[in-house]
Amino acid sequence: MKYKNLKTTLSMALICGAMQLNAQTIKVEDAANLLKAKQGNVVLLNDFFAVKPADIKYDKMVLPGPQFIISDDPEYIRIPEAIALQENVQPGAVRLYVYNVNGVKEPVKIDRKITAVIKNTGKKKMHIRMLKYSSQKPSANYFQIGKQGLADYFASNGSDEIRVVEPGAAIAIDEKLERNVVKYDELTHGFYDFVIDQPGQISIIQTDLKTSGPVALNRIKTVIPTGHKNAGRGLFGVSNYKITAVDVLDTKNGAAEFIVADGVKDPWVKGIEGTSGKESTLAGNYGVMYEMELKWKSTDGKGLALVTWNSRSADNQWCNGMAATMIVSKGKFKEGIIQLPSDRLVTKAAPEAILVQVFPPAKNGEEQTIKLTYSPPGASCLPTPLVFIPVDMDTLK
């Protein structure tokens with residue numbers, strides 16, 4: 001995944017923040033464009049991002065959540081048959097994020113299978129039930145896979161089917177991965193929450209199209225060493241956060257933004273890489289769920305437009321696009337899952353912004369609560385700021 005160094009970006013942000021003496025406002029024509037736009041559409045906000053919005057201070061709490069495994073090191077599996085990750089898990093809930101690419105090009109590019117397997121390492125029968133499920137067809141369109149994968153995960157209700165694994169036996173976690181043909185440079189992307197009642201061992205395997213994952217597991221003897229690149233791999237101790245704004249946001253104070261998953265204000269989650277036994281860092285916090293809450297009021301009668309944008313395009317050549325998916329509470333548009341952007345594949349750079357939601361002010365001026373569910377979008381550089389912009393709801397009248 002595309003996490004990059006943020007030192008240059010943060011230095012510029014601090015300079016801009018120091019220069020911001022007055023509440024940041026939006027041009028009337030830009031506010032009108034936001035109010036006319038459909039949810040998820042890209043809107044041009046000329047010159048708006050030249051000044052950094054005020055930071056929304058927040059409290060962060062670790063929520064109970066599943067054991068969390070991510071497979072993204074190596075991202076490109078260069079060996080025709082290999083184990084790219086192997087981690088032991090205990091009975092209970094497990095989250096697995098598969099993000100691997102067929103990188104075989106020597107001596108020739110060949111089609112491969114990339115699959116996820118769980119082995120019952122306990123002494124009794126293992127029962128496994130899927131709680132959430134997201135599995136995309138392999139593709140070289142990483143942005144589409146990233147945002148569709150999150151959308152499917154958010155929308156999933158799991159399954160009532162309970163599969164049984166005998167002691168010492170192994171099964172494919174996702175039968176779709178077993179059937180997929182992964183061509184060179186195509187991404188395999190799977191996102192799963194499931195529950196087990198015996199200890200197990202999870203492996204991500206690349207093999208030939210005719211061999212099942214469990215059979216390949218029995219004949220592969222070694223795991224590819226970690227290269228400490230990309231997002232990382234391992235078993236991580238945090239899978240869910242609760243983010244709560246410290247102060248009530250007032251529209252009279254101008255624009256403000258939530259910044260999470262930047263590696264500084266919101267540090268990377270730590271874990272253990274099972275093969276080496278060494279500490280592992282999840283650079284990007286990809287796959288971590290953020291439940292976010294913000295109270296706000298309008299003492300000047302304005303509403304709030306929530307937008308996001310590709311904040312990394314100026315400082316890194318690999319960050320030329322951003323696509324995301326999140327759940328947003330009710331406002332002008334209904335509550336629910338929204339792919340960002342919805343009118344094209346990605347947003348590129350400022351002055352482009354994606355309209356997430358518009359929140360009208362309360363008629364009596366009372367405080368309101370905004371709730372969001374966010375997870376750092378796979379294939380996109382981070383952070384992806386969530387910016388709240390006061391807008392005059394009468395602009396179009």
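Tutor: Start with a cut-off: buried means under 20% relative accessible area. The model is predicted. In helix H3, the residues that carry this label are Tyr-142, Phe-143, Ile-145, Gly-146, Lys-147, Gly-149, Leu-150, Ala-151, Tyr-153 and Phe-154.

Student: What makes H3 mostly covered?

Tutor: The count does. Of its 14 residues, 10 are buried.

Student: Why is Ser-134 called buried?

Tutor: Its relative accessible area is 1%. The label needs a value under 20%. Ser-134 is therefore buried. Its place is in strand E9, residues 126-135.

Student: Which residues does Ser-134 touch, leaving out those up to four places away in sequence?

Tutor: Gly-149, Asp-152, Tyr-153, His-189, Gly-190, Phe-191 and Tyr-192. Contact here means heavy atoms within 4.5 Å. Among the buried residues of H3 are Gly-149 and Tyr-153.

Student: What makes the pair of Ser-134 and Gln-136 a polar contact?

Tutor: The limit for N or O atoms is 3.5 Å, with one able to donate a hydrogen and the other to accept it. The side chains of Ser-134 and Gln-136 meet at 3.2 Å. The side chain of Ser-134 also reaches the backbone oxygen of Gly-149, at 2.7 Å.

Student: How do you know that Cys-319 and Cys-381 form a disulfide?

Tutor: The sulfur atoms must lie within 2.5 Å. Those of Cys-319 and Cys-381 are 2.1 Å apart. The pair links distant parts of the chain, 62 residues apart. Cys-319 is in the loop between strands E21 and E22, and Cys-381 in the loop between E25 and E26. Both cysteines are buried. The angle about the S-S bond is -80°, and the link is left-handed. A search of the whole structure finds one disulfide.

Student: What makes E17 and E26 paired strands?

Tutor: Pairing needs at least two bridges. Three bridges join E17 to E26, and the two run antiparallel. Ala-256 stands opposite Phe-388 in E26.

Student: Why do E1 and E2 stand at the edges of their sheet?

Tutor: Six strands form an open sheet in the order E1-E24-E21-E26-E17-E2, with mixed pairing. E1 and E2 each have a single partner strand, so one side of each is left without a neighbour in the sheet.

Key
Residues numbered from 1 in each chain as written. Predicted model: local features only at pLDDT ≥ 70, side-chain atom pairs only at ≥ 80, totals over all residues. Heavy atoms only, no water. Helix = DSSP H or I, 4+ residues; strand = E, 2+ residues; numbered from the N terminus. Buried < 20%, exposed > 50% of the residue type's maximum accessible area, 1.4 Å probe, protein only.
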